Amino acid sequence: MRRAGWKVGWVVCVVLGGMGTASRARAQGEGVPLSLEEVLGSTREHHPRMEAAQRDVAAAEAELLAARGGFDPLVRARGLAIPFGYYQHERIEATVEQPTPLWGLRLSAGYRLGQGDFPVYYGQYETLSAGEVHAGLALPLWRDGAIDKRRAVLAQARLRQRIAAFELAGERLGLQRQAAYHYWDWVAAGRQLTIATSQYELALARRTQLAHRVTAGDIPQIEHTENERVLLGRDADRIAARRALERATLKLSLFLRDARGEPQVVSTARLPSGFPVPAALMEEGLERWLEQALRRRPELRGLDLRREVLEVDVALARNLAAPAVDLGLRVARDVGVGPANLRPTEVQGSLVLDIPLFAREARGQRRAAEAKQAAVAARARYAREEIITEVRDALSALRASHERVGLAHGAAEVARQLARAEYTRFEHGDTSLLVVNQREQAAVEAEIGEVRALVDYQRALVDLLAATVALEPSAEELQDNGPRGP
């Protein structure tokens, strides 16, 4: 049940403003807050890197189709005519061959016609007047029985198709992590611009008030001059914050795309009002997160499949070193008129033995495949260790950032109270505007610190969910706990 709490925590990060499917349709208009779900969906569907990865999947599917072609039936036909010479005759022959995946069994059927004068040593070419129909099979008893080149190519093509699908999933996961980073950076830049603008407007509103008080002799001229200094500085901060938001918006546009795949520069009117409320942390469950990550991470699944591809190579190399013992069976019958010796049905059996004496090619291929297998196993072992470390680090960062959010929120509240109290003292003549500005600057820094803590929390949460392949919530999990932020 605690795991469900984490799901809700992620849901808070994904959807701002409780946007469901119908709300997402309205999100294309101005004024509706842009949700992370919309950005992730756009990245999945329209990002060029996703299109490139999908092309790789299509290429793997095409290679699988080519591998299946190894079991296509094959038609062979030939004709021969000798109209001039001592032995004048004509021969035509057509055969259909069908390889099968059943223990390397090969079937064949055909027709041949031989008419004219044949020398004794070519007597087998002669048929009755309507020709000969024949059918046969060839069954490998040892080599090419359990596996052969056709079946190996087909099995590996199927595995590579699955590898391409996992590579597509890995590309999607990495892109969505980047998209989430840029989304939260954009939200943070918007919040910082709001803070800088409010501080500038506060100093601007004081300008007239302070001018009246200086004229009335209530405060010295230096207080008005101090406000002018602060006004200029805060205007510069506002411009810098605006530029930071523009930069964040442009970076986000690389992941937020329209139906044609073109980048969309989102309006500041779609900035959400704040950050989601950080969910309560789970006290336990590391093993569950690790188990999910090790079970679902696409790079691990891809390495497992690559190991299977090499297992096929090993099996094929062992097969190449084995003796070939092929059993053949052929049934033929002539039709029509002609010599009596051609009328009976002919049944022919054969046994072919082929033994490689040194099998150096097979031994070399097997050693190469086994060495590659060991290399893939080592990479898989290190990838597993990396994933475990990544999940542990993400959980650690999430816990630390959650604590920082609480502390930063408290520090911002205290700083704002001190700034308000200091200005009240200034109005009563008990302090100077310089001290008020210092208090307000401390409040601004505290508010920005809270924004950064919230961004760090969201990034840590994205890292954890990406590490455990939980970055895409289901529709029924889409809920919202409301905005939070300075």
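Predicted model: local features only at pLDDT ≥ 70, side-chain atom pairs only at ≥ 80, totals over all residues.
**Confidence**

Numbering runs from 1 along each chain as its sequence is written, and side-chain values use heavy atoms, with hydrogens and water left out.

I take helices (H or I, at least four residues) and strands (E, at least two) as DSSP runs, numbered from the N terminus. Two strands count as paired if DSSP finds at least two bridges between them. Strand β1 (residues 74–82) runs antiparallel to strand β2 (residues 89–99), and 9 bridges join them. Within this pairing I find Ala81 opposite Glu90 in β2. The two strands form a hairpin with 6 residues between them, and Gly85 in the turn has a positive phi of about 140°.

Strand β2 also pairs with strand β3 (residues 106–116), in the antiparallel sense and over 11 bridges. Here Pro99 stands opposite Arg106 in β3. The hairpin of β2 and β3 has 6 residues between the strands, and in it Trp103 takes a positive phi near 55°.

**Positive phi in two loops**

I looked up two residues other than glycine with a positive phi. Asp144 has a phi near 70° and lies in the loop between β4 (132–140) and α5. Ala359 has a phi near 55° and lies in the loop between β7 (346–354) and α9.

For accessibility I use these classes: buried is under 20% relative accessible area, exposed is over 50%, and partly exposed is in between (1.4 Å probe, protein chains only). Asp144 is partly exposed because its relative accessibility is 29%. Ala359, at 19%, counts as buried.

**Aromatic pairs**

Rings of Phe, Tyr and Trp (its six-membered ring) pair if their centres lie within 6.5 Å; planes under 30 degrees apart are stacked, over 60 edge-to-face, and the rest tilted. A search of the whole structure gives me 7 aromatic pairs. One of them joins Trp184 and Phe275, whose ring centres are 5.8 Å apart and whose planes meet at 20°, so I record the pair as stacked. Trp184 lies in helix α5 (residues 149–215) and Phe275 in strand β5 (residues 275–276), so the pair ties together parts that are 91 residues apart in sequence. Trp184 is buried, at 0% relative accessible area, and Phe275 is buried at 0% as well.

A pair of Tyr423 and Phe426 is tilted, with 5.9 Å centre to centre and 35° between the planes. These residues are 3 apart in helix α9 (residues 360–427), so about one helical turn separates them. Tyr423 and Phe426 are both buried.

I also find one aromatic cluster formed by Tyr183, Trp184, Trp186 and Phe275.

**Charges over rings**

A charge sits over a ring if NZ of Lys or CZ of Arg is within 6 Å of the ring centre and within 35 degrees of the ring normal. Arg91 lies over the face of Tyr125, at 3.8 Å from the ring centre. Arg459 has its charged end over the ring of Tyr181, 4.2 Å from the centre.

**Nonpolar cores**

I define a nonpolar core as a set of buried Ala, Val, Leu, Ile, Met, Phe, Trp, Tyr and Cys residues joined through side-chain atoms within 4.5 Å. The largest one has 67 residues, and those with the most contacts inside it are Leu34, Val39, Tyr183, Trp186, Phe275 and Val391. Helices α3 (36–46), α4 (48–68), α5, α6, α7 (286–296), α8 (298–321), α9 and α10 (433–467) each supply at least two residues of this core. Its largest share, 16 residues, comes from α5. Another core lies apart from it and has 9 residues, among them Ala152, Leu159, Ile163 and Val309.

**His224**

My last entry is on His224, which is placed in helix α6 (residues 221–253). At 16% relative accessible area, His224 is buried. Leaving aside neighbours within four places in sequence, His224 is in contact with Arg207, Leu210, Ala211 and Val214.

Key. Contact = heavy atoms within 4.5 Å.
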